[in-house]
Amino acid sequence: MQLLIVDDGHYIVEYLKHLLDWEKFGIETVQTTINSVEAKEILNRNQISILITDIRMPEVSGIDLLQYINEKKLRTKVIFLSGYSDFEYSQKAIRLGAVDYLLKPVDKEDLETTMKQVVKTIDQHLLEKDLAWGEFDGLGYLLSVVCEHRFLIKDYNLYDGALKGKQFCFFQVPQISKRDEMTLRDNSSGLDAFIWSTGSNMAGIVLKSHVEVLEKNIENITISECFEFSNKNTVRHFFYKFFFQENVSTSELEMLRNCASFTKLEEGEWGYAKKDILKEYSRMISVKQKTIYLLELINFLYFTNKRLPSANVKNWIFNQLTNPDAAFQSIILDTVEIQRNERFSKGDIIDTIHTFIDDHLGEDMNLDDLGNIVYLHPVYLSKLYKQETGENLSTYISRKRLEKAAKLLRGSKLHVNDISQMVGYKKPQYFIKQFKLQYGITPHQYRREKIRQG
(Lines give C-alpha, C1' and ligand atoms only; values in the text may rest on other atoms or scores of the structure.)
Protein backbone atom coordinates (compact mmCIF):
# COMPACT_ATOMS: atom_id res chain seq x y z
CA MET A 1 0.00 0.00 0.00
CA GLN A 2 1.04 3.61 -0.54
CA LEU A 3 0.58 6.50 1.90
CA LEU A 4 0.52 10.20 1.01
CA ILE A 5 1.06 12.88 3.70
CA VAL A 6 0.04 16.45 2.78
CA ASP A 7 0.49 19.56 4.94
CA ASP A 8 1.66 23.10 4.16
CA GLY A 9 4.01 22.87 7.16
CA HIS A 10 7.28 21.12 6.27
CA TYR A 11 8.08 20.21 9.86
CA ILE A 12 4.65 18.55 10.30
CA VAL A 13 5.17 16.44 7.18
CA GLU A 14 8.59 15.27 8.38
CA TYR A 15 7.26 14.62 11.90
CA LEU A 16 4.42 12.40 10.60
CA LYS A 17 6.67 10.61 8.11
CA HIS A 18 8.89 9.33 10.94
CA LEU A 19 6.26 9.04 13.68
CA LEU A 20 5.25 5.40 13.04
CA ASP A 21 6.76 2.21 11.69
CA TRP A 22 4.61 2.32 8.55
CA GLU A 23 5.63 -1.16 7.36
CA LYS A 24 3.83 -2.54 10.40
CA PHE A 25 0.58 -1.38 8.76
CA GLY A 26 1.44 -2.79 5.34
CA ILE A 27 2.63 0.58 3.98
CA GLU A 28 5.42 0.02 1.46
CA THR A 29 5.82 3.58 0.18
CA VAL A 30 5.38 6.92 1.98
CA GLN A 31 5.11 10.00 -0.23
CA THR A 32 4.96 13.56 1.12
CA THR A 33 4.30 17.05 -0.20
CA ILE A 34 3.73 20.54 1.20
CA ASN A 35 2.01 21.55 -2.05
CA SER A 36 -1.69 20.65 -2.06
CA VAL A 37 -1.91 21.27 -5.82
CA GLU A 38 0.84 18.71 -6.37
CA ALA A 39 -1.09 16.33 -4.08
CA LYS A 40 -3.83 16.09 -6.73
CA GLU A 41 -1.27 15.04 -9.32
CA ILE A 42 0.20 12.43 -6.97
CA LEU A 43 -3.29 11.03 -6.30
CA ASN A 44 -3.97 10.88 -10.02
CA ARG A 45 -0.66 9.19 -10.95
CA ASN A 46 -0.37 6.67 -8.12
CA GLN A 47 -2.58 4.15 -6.38
CA ILE A 48 -2.60 5.91 -3.01
CA SER A 49 -4.32 3.76 -0.40
CA ILE A 50 -4.30 6.30 2.47
CA LEU A 51 -4.12 10.11 2.48
CA ILE A 52 -3.27 12.00 5.67
CA THR A 53 -3.91 15.69 4.99
CA ASP A 54 -4.37 19.02 6.76
CA ILE A 55 -7.96 20.11 6.44
CA ARG A 56 -7.07 23.79 5.84
CA MET A 57 -4.47 24.68 3.23
CA PRO A 58 -4.00 27.49 0.71
CA GLU A 59 -5.17 26.95 -2.88
CA VAL A 60 -6.45 23.38 -2.38
CA SER A 61 -7.90 22.34 0.99
CA GLY A 62 -8.18 18.88 2.44
CA ILE A 63 -11.90 19.01 1.68
CA ASP A 64 -11.05 19.78 -1.97
CA LEU A 65 -8.77 16.74 -2.08
CA LEU A 66 -11.53 14.56 -0.64
CA GLN A 67 -14.00 15.83 -3.23
CA TYR A 68 -11.43 15.17 -5.96
CA ILE A 69 -11.02 11.58 -4.71
CA ASN A 70 -14.80 11.12 -4.80
CA GLU A 71 -15.10 12.62 -8.29
CA LYS A 72 -12.34 10.39 -9.67
CA LYS A 73 -13.81 7.40 -7.80
CA LEU A 74 -10.43 6.65 -6.25
CA ARG A 75 -10.24 4.10 -3.42
CA THR A 76 -8.07 6.33 -1.27
CA LYS A 77 -9.03 6.52 2.42
CA VAL A 78 -8.68 9.98 3.97
CA ILE A 79 -7.56 11.00 7.48
CA PHE A 80 -7.80 14.73 8.26
CA LEU A 81 -5.58 16.77 10.55
CA SER A 82 -7.32 19.71 12.19
CA GLY A 83 -7.21 22.17 15.06
CA TYR A 84 -9.90 22.64 17.72
CA SER A 85 -11.33 25.61 15.81
CA ASP A 86 -11.96 23.34 12.79
CA PHE A 87 -14.26 20.95 14.68
CA GLU A 88 -17.42 21.66 12.65
CA TYR A 89 -15.36 21.61 9.45
CA SER A 90 -14.02 18.18 10.41
CA GLN A 91 -17.51 16.87 11.09
CA LYS A 92 -18.51 17.94 7.58
CA ALA A 93 -15.49 16.06 6.20
CA ILE A 94 -16.59 12.88 7.97
CA ARG A 95 -20.01 13.21 6.37
CA LEU A 96 -18.31 13.50 2.96
CA GLY A 97 -16.51 10.20 3.47
CA ALA A 98 -13.34 10.83 5.47
CA VAL A 99 -12.44 7.88 7.68
CA ASP A 100 -11.37 9.94 10.70
CA TYR A 101 -9.79 13.21 11.83
CA LEU A 102 -6.99 13.86 14.30
CA LEU A 103 -6.37 16.98 16.35
CA LYS A 104 -3.02 18.74 16.10
CA PRO A 105 -0.50 18.17 17.53
CA VAL A 106 -0.91 14.54 16.48
CA ASP A 107 -0.38 11.97 19.23
CA LYS A 108 1.44 8.75 18.25
CA GLU A 109 -1.06 6.43 19.95
CA ASP A 110 -4.02 8.24 18.37
CA LEU A 111 -2.47 7.89 14.92
CA GLU A 112 -1.75 4.18 15.52
CA THR A 113 -5.35 3.57 16.57
CA THR A 114 -6.67 5.40 13.51
CA MET A 115 -4.31 3.56 11.16
CA LYS A 116 -5.46 0.18 12.47
CA GLN A 117 -9.04 1.15 11.75
CA VAL A 118 -8.22 2.47 8.27
CA VAL A 119 -6.23 -0.64 7.32
CA LYS A 120 -9.10 -2.83 8.53
CA THR A 121 -11.48 -0.81 6.33
CA ILE A 122 -9.17 -1.23 3.34
CA ASP A 123 -8.89 -4.97 3.96
CA GLN A 124 -12.66 -5.20 4.05
CA HIS A 125 -12.72 -3.83 0.51
CA LEU A 126 -11.36 -7.17 -0.62
CA LEU A 127 -15.00 -8.20 -0.57
CA GLU A 128 -15.72 -6.56 -3.91
CA LYS A 129 -19.41 -6.64 -4.88
CA ASP A 130 -18.56 -8.00 -8.34
CA LEU A 131 -16.53 -10.93 -6.97
CA ALA A 132 -18.17 -14.05 -5.58
CA TRP A 133 -15.92 -14.45 -2.52
CA GLY A 134 -18.39 -16.98 -1.09
CA GLU A 135 -17.51 -19.25 -4.03
CA PHE A 136 -13.77 -18.49 -3.98
CA ASP A 137 -11.63 -21.65 -3.92
CA GLY A 138 -8.81 -20.60 -1.59
CA LEU A 139 -7.13 -24.02 -1.61
CA GLY A 140 -7.10 -24.16 -5.40
CA TYR A 141 -5.76 -20.61 -5.55
CA LEU A 142 -2.90 -21.51 -3.20
CA LEU A 143 -2.01 -24.62 -5.22
CA SER A 144 -2.01 -22.58 -8.43
CA VAL A 145 0.60 -20.28 -6.88
CA VAL A 146 2.94 -22.71 -5.09
CA CYS A 147 2.97 -25.54 -7.65
CA GLU A 148 5.06 -25.65 -10.82
CA HIS A 149 2.23 -27.09 -12.92
CA ARG A 150 -0.49 -24.48 -13.06
CA PHE A 151 -4.01 -25.05 -14.19
CA LEU A 152 -5.36 -21.93 -15.87
CA ILE A 153 -8.54 -21.28 -13.94
CA LYS A 154 -9.96 -18.15 -15.56
CA ASP A 155 -11.90 -17.14 -12.45
CA TYR A 156 -8.65 -16.75 -10.50
CA ASN A 157 -7.61 -13.85 -12.73
CA LEU A 158 -10.40 -11.75 -11.22
CA TYR A 159 -9.16 -12.39 -7.70
CA ASP A 160 -5.54 -11.64 -8.59
CA GLY A 161 -6.42 -7.97 -8.96
CA ALA A 162 -8.28 -7.78 -5.66
CA LEU A 163 -5.46 -9.52 -3.77
CA LYS A 164 -2.69 -7.53 -5.43
CA GLY A 165 -0.73 -5.29 -3.09
CA LYS A 166 -2.06 -7.03 0.03
CA GLN A 167 0.45 -8.59 2.41
CA PHE A 168 -0.35 -12.04 3.80
CA CYS A 169 1.19 -14.55 6.20
CA PHE A 170 0.78 -18.32 6.58
CA PHE A 171 -0.36 -19.53 10.00
CA GLN A 172 -0.78 -22.78 11.96
CA VAL A 173 -2.66 -23.50 15.18
CA PRO A 174 -2.44 -27.04 16.65
CA GLN A 175 -5.28 -28.27 18.87
CA ILE A 176 -7.32 -25.14 18.26
CA SER A 177 -10.19 -24.23 20.58
CA LYS A 178 -13.61 -23.01 19.43
CA ARG A 179 -12.86 -19.58 20.87
CA ASP A 180 -9.58 -19.32 18.94
CA GLU A 181 -11.27 -20.45 15.74
CA MET A 182 -13.85 -17.69 16.13
CA THR A 183 -11.05 -15.18 16.65
CA LEU A 184 -9.41 -16.35 13.43
CA ARG A 185 -12.58 -16.10 11.41
CA ASP A 186 -13.47 -12.70 12.89
CA ASN A 187 -10.12 -11.45 11.61
CA SER A 188 -10.29 -12.97 8.14
CA SER A 189 -11.75 -9.87 6.40
CA GLY A 190 -14.24 -12.24 4.81
CA LEU A 191 -11.53 -14.51 3.38
CA ASP A 192 -12.67 -17.66 5.18
CA ALA A 193 -11.63 -19.62 2.08
CA PHE A 194 -8.03 -19.19 3.28
CA ILE A 195 -8.72 -20.84 6.67
CA TRP A 196 -8.56 -24.64 6.64
CA SER A 197 -9.58 -27.01 9.40
CA THR A 198 -7.78 -30.36 9.49
CA GLY A 199 -9.21 -32.25 12.42
CA SER A 200 -8.28 -30.41 15.63
CA ASN A 201 -5.70 -28.27 13.83
CA MET A 202 -6.08 -25.19 11.68
CA ALA A 203 -3.83 -23.77 8.99
CA GLY A 204 -4.10 -21.13 6.35
CA ILE A 205 -3.43 -17.56 5.32
CA VAL A 206 -4.23 -14.26 7.04
CA LEU A 207 -3.67 -10.61 6.24
CA LYS A 208 -0.52 -9.19 7.80
CA SER A 209 -2.58 -6.34 9.27
CA HIS A 210 -4.38 -8.85 11.53
CA VAL A 211 -1.27 -10.68 12.77
CA GLU A 212 -0.78 -8.52 15.85
CA VAL A 213 -4.34 -9.15 17.05
CA LEU A 214 -4.09 -12.90 16.38
CA GLU A 215 -0.76 -13.29 18.17
CA LYS A 216 -2.14 -11.38 21.14
CA ASN A 217 -5.30 -13.50 21.43
CA ILE A 218 -4.27 -16.99 20.24
CA GLU A 219 -1.54 -18.40 22.44
CA ASN A 220 -0.17 -21.24 20.28
CA ILE A 221 -0.44 -19.66 16.82
CA THR A 222 2.68 -19.56 14.64
CA ILE A 223 3.04 -17.05 11.82
CA SER A 224 5.28 -17.03 8.73
CA GLU A 225 7.09 -14.14 7.13
CA CYS A 226 4.83 -11.88 5.06
CA PHE A 227 4.40 -12.09 1.29
CA GLU A 228 2.30 -10.90 -1.63
CA PHE A 229 0.66 -13.39 -3.99
CA SER A 230 2.04 -11.56 -7.02
CA ASN A 231 5.55 -12.63 -5.92
CA LYS A 232 5.00 -16.32 -6.65
CA ASN A 233 8.56 -17.51 -6.03
CA THR A 234 8.57 -15.84 -2.62
CA VAL A 235 5.21 -17.44 -1.75
CA ARG A 236 6.54 -20.87 -2.72
CA HIS A 237 9.72 -20.40 -0.70
CA PHE A 238 7.86 -19.32 2.46
CA PHE A 239 5.22 -22.05 2.01
CA TYR A 240 7.74 -24.90 1.96
CA LYS A 241 9.85 -23.30 4.69
CA PHE A 242 6.94 -22.66 7.05
CA PHE A 243 4.92 -25.86 6.68
CA PHE A 244 7.65 -28.40 5.87
CA GLN A 245 10.90 -26.74 7.07
CA GLU A 246 12.41 -27.12 3.60
CA ASN A 247 14.31 -24.51 1.59
CA VAL A 248 13.10 -25.09 -1.95
CA SER A 249 14.59 -23.39 -5.00
CA THR A 250 12.94 -22.72 -8.36
CA SER A 251 15.26 -25.23 -10.08
CA GLU A 252 14.16 -27.98 -7.67
CA LEU A 253 10.54 -27.35 -8.63
CA GLU A 254 11.36 -27.36 -12.34
CA MET A 255 12.92 -30.83 -12.12
CA LEU A 256 9.41 -32.32 -12.01
CA ARG A 257 8.17 -30.48 -15.08
CA ASN A 258 8.32 -33.49 -17.43
CA CYS A 259 7.09 -36.33 -15.22
CA ALA A 260 5.20 -38.85 -17.37
CA SER A 261 2.58 -39.47 -14.68
CA PHE A 262 1.54 -35.82 -14.58
CA THR A 263 0.83 -35.78 -18.31
CA LYS A 264 -1.44 -38.80 -17.93
CA LEU A 265 -3.15 -37.33 -14.88
CA GLU A 266 -3.88 -34.14 -16.78
CA GLU A 267 -5.71 -36.28 -19.33
CA GLY A 268 -7.67 -38.05 -16.61
CA GLU A 269 -5.92 -41.42 -17.06
CA TRP A 270 -5.39 -42.45 -13.43
CA GLY A 271 -5.16 -46.15 -14.29
CA TYR A 272 -2.20 -45.56 -16.61
CA ALA A 273 -0.65 -42.88 -14.39
CA LYS A 274 -0.58 -45.01 -11.24
CA LYS A 275 2.32 -47.22 -12.41
CA ASP A 276 4.37 -44.18 -13.39
CA ILE A 277 3.62 -42.52 -10.04
CA LEU A 278 4.87 -45.54 -8.09
CA LYS A 279 8.01 -45.71 -10.26
CA GLU A 280 8.75 -41.96 -10.07
CA TYR A 281 8.25 -41.75 -6.32
CA SER A 282 10.58 -44.72 -5.72
CA ARG A 283 13.36 -42.75 -7.42
CA MET A 284 12.99 -39.81 -4.99
CA ILE A 285 15.86 -39.85 -2.50
CA SER A 286 15.52 -36.89 -0.12
CA VAL A 287 12.56 -35.83 1.99
CA LYS A 288 12.58 -32.51 0.11
CA GLN A 289 12.26 -34.21 -3.30
CA LYS A 290 9.44 -36.41 -2.05
CA THR A 291 7.59 -33.43 -0.56
CA ILE A 292 7.82 -31.42 -3.78
CA TYR A 293 6.73 -34.41 -5.88
CA LEU A 294 3.73 -35.17 -3.65
CA LEU A 295 2.53 -31.58 -3.60
CA GLU A 296 2.62 -31.52 -7.41
CA LEU A 297 0.75 -34.85 -7.44
CA ILE A 298 -1.88 -33.46 -5.06
CA ASN A 299 -2.20 -30.44 -7.32
CA PHE A 300 -3.00 -32.65 -10.33
CA LEU A 301 -5.45 -34.81 -8.40
CA TYR A 302 -7.24 -31.76 -6.98
CA PHE A 303 -7.82 -30.10 -10.34
CA THR A 304 -8.51 -33.18 -12.49
CA ASN A 305 -10.82 -35.14 -10.20
CA LYS A 306 -13.87 -33.22 -9.05
CA ARG A 307 -14.99 -36.18 -6.95
CA LEU A 308 -11.97 -35.82 -4.70
CA PRO A 309 -13.15 -34.38 -1.36
CA SER A 310 -11.30 -31.18 -0.41
CA ALA A 311 -11.04 -32.58 3.15
CA ASN A 312 -8.69 -35.27 1.83
CA VAL A 313 -6.51 -32.67 0.13
CA LYS A 314 -6.29 -30.44 3.22
CA ASN A 315 -5.42 -33.45 5.36
CA TRP A 316 -2.69 -34.57 2.95
CA ILE A 317 -1.06 -31.13 2.81
CA PHE A 318 -1.36 -29.80 6.35
CA ASN A 319 -1.36 -32.99 8.42
CA GLN A 320 0.48 -35.73 6.52
CA LEU A 321 2.99 -34.20 4.13
CA THR A 322 5.59 -33.64 6.86
CA ASN A 323 5.99 -37.44 6.61
CA PRO A 324 6.09 -37.96 2.82
CA ASP A 325 6.10 -41.78 2.82
CA ALA A 326 3.00 -41.98 5.02
CA ALA A 327 1.34 -39.25 2.98
CA PHE A 328 2.11 -41.14 -0.25
CA GLN A 329 0.40 -44.28 1.01
CA SER A 330 -2.64 -42.26 2.07
CA ILE A 331 -2.85 -40.48 -1.31
CA ILE A 332 -2.64 -43.75 -3.25
CA LEU A 333 -5.21 -45.57 -1.08
CA ASP A 334 -7.68 -42.68 -1.04
CA THR A 335 -7.42 -42.12 -4.79
CA VAL A 336 -7.80 -45.82 -5.63
CA GLU A 337 -10.95 -45.94 -3.48
CA ILE A 338 -12.41 -42.91 -5.26
CA GLN A 339 -11.63 -44.43 -8.67
CA ARG A 340 -13.22 -47.74 -7.62
CA ASN A 341 -16.43 -45.95 -6.67
CA GLU A 342 -16.38 -44.11 -9.99
CA ARG A 343 -16.22 -47.36 -11.96
CA PHE A 344 -19.40 -48.59 -10.31
CA SER A 345 -21.26 -45.50 -11.46
CA LYS A 346 -20.10 -45.16 -15.08
CA GLY A 347 -23.49 -46.28 -16.37
CA ASP A 348 -25.17 -43.64 -14.22
CA ILE A 349 -22.75 -41.02 -15.55
CA ILE A 350 -23.60 -41.83 -19.18
CA ASP A 351 -27.35 -41.85 -18.45
CA THR A 352 -27.10 -38.49 -16.66
CA ILE A 353 -25.18 -36.96 -19.56
CA HIS A 354 -27.68 -38.29 -22.12
CA THR A 355 -30.65 -36.94 -20.16
CA PHE A 356 -29.05 -33.52 -19.81
CA ILE A 357 -28.18 -33.33 -23.51
CA ASP A 358 -31.67 -34.39 -24.60
CA ASP A 359 -33.21 -31.71 -22.38
CA HIS A 360 -30.88 -28.91 -23.52
CA LEU A 361 -30.37 -29.46 -27.26
CA GLY A 362 -31.21 -25.84 -28.05
CA GLU A 363 -28.56 -24.45 -25.72
CA ASP A 364 -24.81 -24.02 -25.95
CA MET A 365 -23.03 -27.03 -24.46
CA ASN A 366 -19.35 -27.64 -23.88
CA LEU A 367 -17.25 -30.21 -22.03
CA ASP A 368 -16.81 -27.93 -19.02
CA ASP A 369 -20.60 -27.66 -18.57
CA LEU A 370 -21.11 -31.41 -18.93
CA GLY A 371 -18.20 -32.16 -16.60
CA ASN A 372 -19.80 -30.00 -13.93
CA ILE A 373 -23.01 -32.02 -14.20
CA VAL A 374 -21.27 -35.27 -13.23
CA TYR A 375 -18.38 -33.77 -11.22
CA LEU A 376 -15.68 -34.93 -13.64
CA HIS A 377 -12.80 -33.14 -15.31
CA PRO A 378 -13.87 -32.40 -18.95
CA VAL A 379 -10.90 -34.25 -20.46
CA TYR A 380 -11.59 -37.32 -18.33
CA LEU A 381 -15.33 -37.18 -19.16
CA SER A 382 -14.55 -37.10 -22.88
CA LYS A 383 -12.30 -40.18 -22.62
CA LEU A 384 -14.73 -42.03 -20.34
CA TYR A 385 -17.64 -41.41 -22.70
CA LYS A 386 -15.66 -42.68 -25.71
CA GLN A 387 -14.57 -45.80 -23.79
CA GLU A 388 -18.10 -46.62 -22.64
CA THR A 389 -20.06 -45.83 -25.83
CA GLY A 390 -17.52 -46.07 -28.66
CA GLU A 391 -18.64 -42.62 -29.80
CA ASN A 392 -17.30 -39.12 -29.27
CA LEU A 393 -19.45 -36.94 -27.05
CA SER A 394 -19.53 -34.20 -29.67
CA THR A 395 -20.76 -36.74 -32.26
CA TYR A 396 -23.60 -37.80 -29.94
CA ILE A 397 -24.68 -34.19 -29.36
CA SER A 398 -24.64 -33.45 -33.10
CA ARG A 399 -26.59 -36.62 -33.90
CA LYS A 400 -29.28 -35.89 -31.30
CA ARG A 401 -29.65 -32.29 -32.52
CA LEU A 402 -30.08 -33.40 -36.10
CA GLU A 403 -32.57 -36.12 -35.10
CA LYS A 404 -34.65 -33.48 -33.33
CA ALA A 405 -34.38 -31.21 -36.38
CA ALA A 406 -35.60 -34.03 -38.63
CA LYS A 407 -38.57 -34.59 -36.32
CA LEU A 408 -39.47 -30.88 -36.45
CA LEU A 409 -39.14 -30.84 -40.25
CA ARG A 410 -41.57 -33.77 -40.47
CA GLY A 411 -44.08 -32.62 -37.89
CA SER A 412 -44.16 -28.81 -38.11
CA LYS A 413 -44.26 -25.91 -40.57
CA LEU A 414 -41.47 -24.03 -38.81
CA HIS A 415 -38.94 -22.27 -41.03
CA VAL A 416 -35.61 -24.05 -41.42
CA ASN A 417 -33.78 -21.09 -39.84
CA ASP A 418 -36.02 -21.32 -36.76
CA ILE A 419 -35.44 -25.06 -36.48
CA SER A 420 -31.72 -24.43 -36.74
CA GLN A 421 -31.88 -22.13 -33.70
CA MET A 422 -34.11 -24.50 -31.75
CA VAL A 423 -31.63 -27.37 -31.99
CA GLY A 424 -28.59 -25.30 -31.02
CA TYR A 425 -27.13 -24.17 -34.36
CA LYS A 426 -26.58 -20.41 -34.44
CA LYS A 427 -25.66 -20.35 -38.14
CA PRO A 428 -28.28 -21.86 -40.51
CA GLN A 429 -25.68 -22.55 -43.22
CA TYR A 430 -23.66 -24.70 -40.83
CA PHE A 431 -26.84 -26.50 -39.76
CA ILE A 432 -27.72 -27.25 -43.40
CA LYS A 433 -24.20 -28.56 -44.03
CA GLN A 434 -24.32 -30.87 -40.97
CA PHE A 435 -27.83 -32.07 -41.81
CA LYS A 436 -26.76 -32.99 -45.33
CA LEU A 437 -23.74 -34.88 -44.00
CA GLN A 438 -26.01 -37.05 -41.81
CA TYR A 439 -29.05 -37.49 -44.08
CA GLY A 440 -27.55 -37.04 -47.54
CA ILE A 441 -29.97 -34.25 -48.49
CA THR A 442 -30.71 -30.69 -47.35
CA PRO A 443 -33.41 -29.90 -44.74
CA HIS A 444 -35.68 -28.47 -47.50
CA GLN A 445 -35.28 -31.63 -49.62
CA TYR A 446 -35.87 -33.80 -46.55
CA ARG A 447 -39.14 -31.96 -45.75
CA ARG A 448 -40.42 -32.20 -49.37
CA GLU A 449 -39.60 -35.90 -49.53
CA LYS A 450 -41.43 -36.63 -46.24
CA ILE A 451 -44.47 -34.63 -47.39
CA ARG A 452 -44.52 -36.53 -50.69
CA GLN A 453 -44.34 -39.83 -48.82
CA GLY A 454 -47.41 -38.78 -46.84
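**Before starting**

This is a predicted model, in which local features need pLDDT of at least 70 and side-chain atom pairs count only at pLDDT 80 or more, whereas totals for chains, interfaces and linings use all residues. Residues are numbered from 1 along each chain as its sequence is written, and side-chain values use heavy atoms, with hydrogens and water left out.

**The whole chain**

Display the protein chain as a cartoon: it has 23 helices and nine strands. Helices (H or I, at least four residues) and strands (E, at least two) are DSSP runs, numbered from the N terminus. Of the 454 residues in the protein chain, 48% are buried. Buried means under 20% relative accessible area, exposed means over 50%, and partly exposed lies in between (1.4 Å probe, protein chains only). Among contacts with a separation of 6 or more in the protein chain, 68% are between residues 24 or more positions apart; a contact requires heavy atoms within 4.5 Å.

**The five-stranded sheet**

Select strands β1 to β5 next. In what order do the strands of this open sheet stand? The order is β2-β1-β3-β4-β5, with parallel pairing; two strands pair if DSSP finds at least two bridges between them. Strands β2 (29–33) and β5 (100–103) stand at the edges with a single partner strand each, so one side of each has no neighbour in the sheet. On average, neighbouring strands of this sheet are turned by 20° against each other, direction ignored.

Zoom in on β1 (residues 2–6) and β3 (residues 50–54), which run parallel and are joined by four bridges. Here Ile5 stands opposite Ile52 in β3.

Axes are lines fitted to C-alpha atoms, for helices over the stretch in contact, and angles run from 0 to 180 degrees between N-to-C directions. Helix α2 (residues 36–45) lies across β1, β2 and β3, and runs at about 165° to β1.

**Backbone exceptions**

Most residues other than glycine have a negative phi, and most peptide bonds are trans.

- The peptide bond from Lys104 to Pro105 is cis, with omega near -5°; Pro105 is in the loop between β5 and α5 (108–124).
- Lys73, in the loop between α3 (62–71) and β4, has a positive phi of about 55° although it is not a glycine. Lys73 counts as exposed because its relative accessibility is 74%.
- Gln175, in the loop between β6 (168–173) and α8, has a positive phi near 50°. Gln175 is exposed, with a relative accessible area of 60%.

**A buried serine**

Continue to Ser189, in the loop between α8 (178–186) and β7 (195–198). Its relative accessibility is 5%, so Ser189 counts as buried. The side chains of Ser189 and His210 are joined by a polar contact of 3.0 Å. A polar contact is a pair of N or O atoms within 3.5 Å; within protein, one must be able to donate a hydrogen and the other to accept it, and residues adjacent in sequence count only if both atoms are side-chain atoms.

**Aromatic rings**

Rings of Phe, Tyr and Trp (its six-membered ring) pair if their centres lie within 6.5 Å; planes under 30 degrees apart count as stacked, over 60 as edge-to-face and the rest as tilted. By this rule there are 31 aromatic pairs. Select Phe194 and Trp196: their ring centres are 6.3 Å apart and their planes stand at 80°, so the pair is edge-to-face. Phe194 is buried at 0% relative accessibility, and Trp196 is buried at 5%.

Then select Tyr240 and Phe244, whose ring centres are 5.9 Å apart with planes at 55°, so this pair is tilted. Both lie in helix α10 (residues 232–244), four residues apart, about one turn of the helix. Tyr240 and Phe244 are both buried.

**The last stop**

Finish at Ser412, in the loop between α20 (393–411) and α21 (416–422). Is Ser412 buried or partly exposed? At 22% relative accessibility, Ser412 counts as partly exposed. The side chain of Ser412 reaches the backbone oxygen of Leu408 at 2.6 Å. Beyond its neighbours within four places in sequence, Ser412 is in contact with Ile419 and Arg447. Ser412 and Arg447 are 35 residues apart in sequence, and their C-alpha atoms are 9.7 Å apart in space.
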